[in-house]
Amino acid sequence: MATSATDPQGQEGHSLTRAGEDYLESIYRLSLESAEGDKSVRSVDVAEQLEVSKASVNKALSQLKEMGMVVQSRYGRVVLTEEGEAYAKVVWRSHRALRTFLEHDLGVKPEIADEEACLMEHVLSGDTMQRLIGYLECQGVEIPKE
């Protein structure tokens, strides 16, 4: 089931499932650490990070490829497309902002804040996320890079 009729930036177009957004976010996060220097990641690393089977990753990658969010080399390494990276950046920033809010403003324990931010990042509108980020910035709270 799709979370909305718009992408995280509020534009009509792709509507990813929560799982699809989780896969994009994972690929993005892993790409930041890519030793290859080309931002490519191995699907096995995505499976490990999300604690899912390689078969689940392969199924998700097929869907993301069809949507133009990722490309996969013949050697199996996965790279986000420009569109996929833009989408993933928004999801990851939303996650970090929500985690920061839950910890800083509500005093939620870090591990719980991280789990709940992952749930919340998929259902809040782009407008609500921008308001939350604006609120944090007005409070002088910096959203961590990681």
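User: How is a helix axis defined when two helices pack?

Analyst: Axes are lines fitted to C-alpha atoms, for helices over the stretch in contact, and angles run from 0 to 180 degrees between N-to-C directions. Helices (H or I, at least four residues) and strands (E, at least two) are DSSP runs, numbered from the N terminus. Before we go on, note that this is a predicted model, where local features need pLDDT of at least 70, side-chain atom pairs count only at pLDDT 80 or more, and totals for chains, interfaces and linings use all residues. Residues are numbered from 1 along each chain as its sequence is written, and side-chain values use heavy atoms, with hydrogens and water left out.

User: Thanks! At what angle do H1 and H4 pack?

Analyst: Two packed helices are described by the angle between their axes and the distance between the axes. Here, H1 and helix H4 (residues 82-104) pack at about 95°, and their axes are 8 Å apart. H1 and H4 are therefore roughly perpendicular to each other (angles under 35 degrees count as roughly parallel, over 145 as roughly antiparallel, 65 to 115 as roughly perpendicular and the rest as oblique). On the H1 side, the contact (heavy atoms within 4.5 Å) includes Leu-24, Tyr-28 and Arg-29, and on the H4 side Tyr-87, Trp-92 and His-95 are among the residues involved. The contact residues divide into 6 nonpolar, 2 polar and 5 charged; Ala, Val, Leu, Ile, Met, Phe, Trp, Tyr, Cys and Pro count as nonpolar, Asp, Glu, Lys and Arg as charged, and the others, Gly among them, as polar.

User: And how do H2 and H3 pack?

Analyst: Helix H2 (residues 43-50) and helix H3 (residues 54-66) have axes 9 Å apart, at an angle of about 115°. H2 and H3 are therefore roughly perpendicular to each other. Ser-43, Val-44, Val-46 and Ala-47 of H2 meet Lys-54, Val-57, Asn-58 and Leu-61 of H3. That contact holds 5 nonpolar, 2 polar and 1 charged residues.

User: Is Ser-26 buried or exposed?

Analyst: Ser-26, in helix H1 (residues 18-32), is buried, with a relative accessible area of 2%. Buried means under 20% relative accessible area, exposed over 50%, partly exposed in between (1.4 Å probe, protein chains only). Leaving aside neighbours within four places in sequence, Ser-26 is in contact with Val-46, Gln-49 and Leu-50.

User: Now the sheet: what is the order of the strands?

Analyst: Strands of a sheet pair through backbone hydrogen bonds, either parallel or antiparallel. Two strands count as paired if DSSP finds at least two bridges between them. This open sheet of 3 strands has the order S1-S3-S2, with antiparallel pairing. S1 and S2 stand at the edges with a single partner strand each, so one side of each is left without a neighbour in the sheet. H1 packs on the sheet, touching S1, S2 and S3, and its direction makes about 100° with that of S3.

User: Which residues are bridge partners in S3?

Analyst: Strand S1 (residues 41-42) pairs with S3 over 2 bridges, and Arg-77 is the partner of Arg-42. Strand S2 (residues 70-72) pairs with S3 over 3 bridges, and Leu-80 is the partner of Val-70. In the hairpin of S2 and S3, with 4 residues between the strands, Gly-76 takes a positive phi near 90°.

User: Which residues of S3 are on the covered face?

Analyst: In strand S3 (residues 77-80), Val-78 and Leu-80 form the covered face, while Arg-77 and Val-79 form the uncovered one. Val-79 counts as partly exposed, at 25% relative accessibility. Val-79 and Lys-39 are 40 residues apart in sequence and 6.4 Å apart in space, C-alpha to C-alpha.
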